Amino acid sequence: MTETTTPPLRDLKGSVRSLTIVLTVVGYALVLGTLYLGLPIYPDIGLDTVNALSDAIAVINTLATTCLVLGWIEIRRGNVDRHRALMGGAFALILVFLVLYLLKTGGGGTKEIALEPGALYYSYLAMLAIHILLSIVSVPVVLYAILLGVTHTPRELRQETPHRKVGRIAAGAWILSLSLGVVTYLMLNHIYGFEFVKAVVAVPLPV
């Protein structure tokens, strides 16, 4: 088994739970504020830019899914360093996704699939709902697994933490969520078409 001996964020070992809570709250606040409060912090962008961002997000999600699957394979082979690098890469890609997603929805808008109610329409909604639900639920689990991984040695992870169990749940939920996100992207943008709904931005209060 190959493994590193010193984790990159060793000094934060005792703060994993509190950091997980803080980062989860910040992430939820950004997304909910962007979607439902119209935070006036994004540049105004048009449909062409929204489409380009949608394409970029799909590519990023596909790459992140690939990293997750390869990372899962590597840890089963006992390659800790490769596993850590791949999972770190997946997490970095998701951070890029978050920035692009917030810009797309906060500065541009959202898309609604152009399908009449029926089997295909409800199948799309079901996949989208599972994708969104898993995205929401997986945030604290993924953060906890990642923070454990960068603050503990491999021996500590195996003997002193629930990293293996939590990581398995996090990776599974993450992979399914990202995969469904790519499928719904294809249906929305390249198969059935969409209707564009421009974002409503809140007016800043006077100082």
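How are α1 and α3 oriented to each other, roughly parallel or roughly perpendicular? Keep that question in mind while the whole chain is on screen.

**The whole chain**

This is a predicted model, in which local features need pLDDT of at least 70 and side-chain atom pairs count only at pLDDT 80 or more, while totals for chains, interfaces and linings use all residues. Residues are numbered from 1 along each chain as its sequence is written, and side-chain values use heavy atoms, with hydrogens and water left out.

Colour the protein chain by secondary structure, and six helices and two strands can be picked out, where helices (H or I, at least four residues) and strands (E, at least two) are DSSP runs numbered from the N terminus. Followed from the N terminus on, the elements run α-α-α-β-α-α-α-β. The C-alpha atoms fill a box of roughly 55 × 50 × 25 Å along the principal axes.

**Select α1 and α3**

Show helix α1 (residues 16-37) together with α3 (residues 80-108). Their axes lie 9 Å apart and the helices pack at an angle of about 20°; axes are lines fitted to C-alpha atoms, for helices over the stretch in contact, and angles run from 0 to 180 degrees between N-to-C directions. The two helices are therefore roughly parallel to each other, given that angles under 35 degrees count as roughly parallel, over 145 as roughly antiparallel, 65 to 115 as roughly perpendicular and the rest as oblique. Their crossing is left-handed, a term for the near helix being turned anticlockwise from the far one by less than a right angle, with clockwise giving right-handed.

Next, display the side chains of Leu30, Val31, Thr34 and Leu35 on α1, and on α3 those of Leu98, Tyr101, Leu102 and Thr105, along with Gly106, as these residues make the contact (heavy atoms within 4.5 Å).

Helix α6 (residues 163-191) packs against α3 at an angle of about 45°, with the axes 13 Å apart, which makes α3 oblique to α6. Here too α3 passes α6 in a left-handed crossing. On α3, select His83, Ala90, Phe91 and Ile94, which meet His163, Trp174 and Leu178 in α6; the residues of this contact divide into five nonpolar, two polar and no charged.

His152 is found in the loop between α4 (119-151) and α5 (154-160). At 7% relative accessibility, His152 counts as buried (under 20% relative accessible area, with exposed over 50% and partly exposed in between, using a 1.4 Å probe and protein chains only). The side chains of His152 and Thr151 are joined by a polar contact of 2.8 Å, meaning a pair of N or O atoms within 3.5 Å; within protein, one must be able to donate a hydrogen and the other to accept it, and residues adjacent in sequence count only if both atoms are side-chain atoms.

Leaving aside neighbours within four places in sequence, the contacts of His152 include Arg10, Lys13 and Arg84. Of these, Lys13 is found in the segment before α1 and, at 29% relative accessibility, counts as partly exposed.

**Finish at Tyr124**

Move to helix α4 and select Tyr124, which counts as buried at 5% relative accessibility. Beyond its neighbours within four places in sequence, Tyr124 is in contact with Ile113, Thr184, Met187 and Leu188.

Conventions:
Nonpolar A, V, L, I, M, F, W, Y, C, P; charged D, E, K, R; others polar.
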